[in-house]
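Hi,

Here is the model we talked about, with sequence and structure together. Have a look at it first, then read my notes below.

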Amino acid sequence: MKKMKKRIIRALLSGVLACSILCAAGCGQKSEGKESLTVFSYGEYMDPDVLEQFTEESGIEVKYEEALTPEEMYAKYKSGAIEYDLLCSTDYMLQKFINEGEFQKIDIDALENSKNIGDRYWELAKAFDPENEYTVPFFWGTLGILYDTSRVKEPVDSWEVLFNGEYAGEVIMQNSMRDTYMAALKYLGYSLNTNDENEIRKAQELLVKQKPDVQAYLVDEARDEVVAGNAVMAIVYSGEAYLGRQYNENLEYVVPKEGSNVWLDAWGVTKYCDNMEAARKFLDFLCREDMAKKNFEYIYYSTPNEAVINSLSDEERADETLVPPVDATENCEVCLQAEPEINDLMNELWKELKAD
Amino acid sequence: MKKTKTMNRRTLLASPYIVWVIGFTVIPLGVIFKYALTGQEGGFSLENIGAIFDPIHFKAMLFSLEIALGCTLLCILLSYPLVMALKALNMGRQSFVMFIWILPMWMNFILRLLAWQMILSNNGILNFLLTKLGLEALPLANTGAAVMIGVVYDYLPYMVLPIFNAVAEIDEDIIEAAKDLGANGFTVFRRIIFPLSIPGLLSGIVMVFVPSMTSFVISDILGGGKLQLIGNVIEQEFTKSSNWNLGSGLSVSLMIFVLLSMAFTTKNDVEGKGSAIW
C-alpha cells in the first residue's frame, strides 16, 4: 500500500480533480462492443505485464487508474468523474467504502484461485469485511522499526527506543498521522483503534515530548535515510524494510513486542460495475499463482497468496520482512476508521504536534 | 467603421483567453470561495475564514511570513550585485551568463530540492566538506535554515530576471551624464540605477514573495515534516483530513493576506508605470 513515492504530486491533486471533473463526460464512457474494466489502485502497485496478459487471455480491456493515498482514492472515487469497476484500497478505507454501500458482494467461492489466499489473511480481512464477502486480499504487511545494527547496542524489540531519548536526533517517524499515533498508542498499551479521547491525549503528550528527538517525519524517504546512515532508526513498512536491507546489510527490522499495525490491501467490486463476470475473471486472474508471483516480485510487499509463498526459496521464506511470521503479528491490529470526533481530534492534535 | 472592425478582431483574438480565465481562474476561485463559506455540515459559515486566527494556524502563518519576507529580502540582496556584474558584461556574455543562470530552472523543481536534501543532510555533501576542512559539521537538515536556503535557491531567478530587465533598459547616457557630473559608482547606483529598477524590483517581489509564502513542498522536503507553513496546513486539510471547507477557508485568508501585502508593496509605485504583474 502507501506507495507514496511521489507524494509531492499530491500538490497537483486539486488540479487533477478539477480536470477530472471537466473530463467527466468523456472518461466515464465505456468503449462499446469490447468488454472493458476500469480498475483503480495505487500507482506502481501491479506489474504492467499482468494487465497485458489479462487482456490477451480474456479479451477484456483494462483501464488502470491510479492514486497515491487512500484519501486521494476516496476523493477521486467520490467525485464520480470516473465510474470505476474495481478498486484496490487499504483496510480502513475499504471499511469506509463497504459501510457506505459502495461495494457489491463477490461470490468468492466461485473464484477458482481464491483458495490460494491463506486462511490467515481472510481472517485479517474480517476486521473490515466481517463476512469476507466484499473484498479479496492483495498485499499485506506490518509496520515496524528499521534500525542500523552497527549503531544500536542492544537488539531492539520495543517501541521504547523511539521514546526514551537515547537516540535523540537519530529517529525518523512516519509523516502520516495514524501511523505515528499508532506507535505511541501501542507503546502505551492502548489499541491503535482507540476511541478514548484520554488515551489519544496521552499519546499526544508522548509525541510532543518526543518531537525534539525526532530527526524528521518522513514517508518514503524514511527508509532511505536509514540506508544512507543519516538516521539510526525509522518506522517503516515491512516491504520498505525488505528493500532497505538489499542496500545495507547492517539493517534489521522488528515488529515491536507491544504490537503494531498490520495492514491489508484488498480488491473490491464497486456498485458501478455492471459486468460482474469480467470483474470476477480479473480477481481470479490476480489470485492465480503465476500472476500473484509476478506482482510480488514487482513490489516485494508480503503476499497473502500461499501458493506463491510456498514457491519461495527457504531463505526468502524465513525473511520476516517478506513473510511476517504468525507470532510477530500476534499483538498487531488492523487499522480501522476512527469515529468522526476522534478523527477530528487526531487531525487537530497532529497539526498541533507539527506546529510545536 | 474601421475602428469597430479592428475591435471585433481583437475580441476574437481574446476569446480563447477569456475561456481560459473563466475556466481556470474564475470557476476554480468560485469553487474555493463556495467551500470556504460553507461549514462542514453545509450552510453558510464564516468559521473557516476566521480559522486563520486559531493559534496553530496563526503560528503557521507567521512562520510562512517569516520565510517569505526573509526569502524576498535575501533575494533582493543577492540580485543587485549579480545584476550590476551582468550589466558590466557585453551583450553576448550577458546572455550566456543569463542562460547559465536560468538553466537549473529547466530541471524539475522537486529534483532540485532532493539534491539540496542530499547536500544538507547530516552525512551530506556540505558536512562532508566541512569536516574534511577540519570544521564543525552544521546540523542544517530539517531546520528553518534549510527551508530558507531552499526557497531562496528556488526563487532567486524570479528576482534576478525582472531587475535585470529593468536595469538593462536604463539609458547608458544617463549614467554617463551622472558620472560627468562627478557622481561616484555608489551614487550612480543609489540615485539612478536603483530608482529606475524599481518597477522590476516590484515584480520581482511579487514573484518571490507570493510563492514562498504559499509553498509547502519545500518545507516538507527540507524541513523534514517538522516545520509547518500555512501551505502545509492547507495541504493536510485537503489531502489527509478531507476537510475541504477548512482548507479553502485558510486559502482564502491567505489570499486576502497576500493581496493586502501586495497592495502595500505597490503603494509607493509613484511613476504609475507599475510592474509587469500589476
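Chain B and chain A bury about 2,500 Å² between them, and carbon and sulfur atoms give 50% of that area. Buried area here is the accessible area (1.4 Å probe) that two parts lose on being put together, summed over both. On the chain B side, I56(B), K226(B) and K240(B) lose the most area to chain A, together 23% of what that side buries. Counting contacts (heavy atoms within 4.5 Å), 26 residues of chain B touch 27 residues of chain A.

Before I go on, the housekeeping: this is a predicted model, so local features need pLDDT of at least 70 and side-chain atom pairs count only at pLDDT 80 or more, while totals for chains, interfaces and linings use all residues. Residues are numbered from 1 along each chain as its sequence is written, chains are lettered from A and ligands numbered from 1 in the order in which they are written, and side-chain values use heavy atoms, with hydrogens and water left out.

How many salt bridges does the rule find across the interface of chain B and chain A? One. A salt bridge here is a side-chain nitrogen of Lys or Arg within 4 Å of a carboxyl oxygen of Asp or Glu. E237(B) and K351(A) meet in a salt bridge, at 2.6 Å from N to O.

Now chain B by itself. It has 12 helices and zero strands; helices (H or I, at least four residues) and strands (E, at least two) are DSSP runs, numbered from the N terminus. The C-alpha trace of chain B spans about 80 × 70 × 30 Å along its principal axes. Of its 278 residues, 43% count as buried, where buried means under 20% relative accessible area, exposed means over 50%, and partly exposed is in between (1.4 Å probe, protein chains only). Among the contacts in chain B with a separation of 6 or more, 70% come from residues 24 or more positions apart. Chain B exposes about 15,600 Å², with carbon and sulfur atoms supplying 71% of it; accessible areas come from the Shrake-Rupley method with a 1.4 Å probe, and for residues only the protein chains shown count as cover.

About 550 Å² is buried between them, 79% of it from carbon and sulfur atoms. I32(B), Y35(B) and A36(B) supply 76% of the area that domain 1 of chain B buries against domain 2 of chain B, more than any other three residues. The salt bridge count between these two domains is zero.

Y35(B) turns up again in a nonpolar surface patch of about 990 Å², along with others including W20(B), F24(B) and I18(B). Patches are made of residues with over 30% relative accessible area and no salt bridge; like charges are joined within 9 Å, and nonpolar side chains (Val, Leu, Ile, Met, Phe, Trp, Tyr) within 5 Å. I18(B) sits in helix 1 (residues 2-36) of chain B and is partly exposed, because its relative accessible area is 46%.

S79(B) counts as buried because its relative accessibility is 0%. Leaving aside neighbours within four places in sequence, S79(B) is in contact with L156(B), M159(B), V160(B) and I163(B).

Over in chain A, domain 1 (7-140 + 263-325) and domain 2 (142-261 + 333-355) are each made of two stretches of sequence. The contact takes 17 residues from domain 1 of chain A and 16 residues from domain 2 of chain A. These domains bury about 1,700 Å² between them, 60% of it on carbon and sulfur atoms. One salt bridge is found across their interface. D319(A) forms a salt bridge with R245(A), the closest N and O atoms being 3.7 Å apart.

Finally, helix 4 (residues 70-79) of chain A is mostly covered, with eight of its 10 residues buried. Just after this helix, G80(A) takes a positive phi of about 75 degrees.

Cheers

Note on methods: Domains from an automatic or database assignment.
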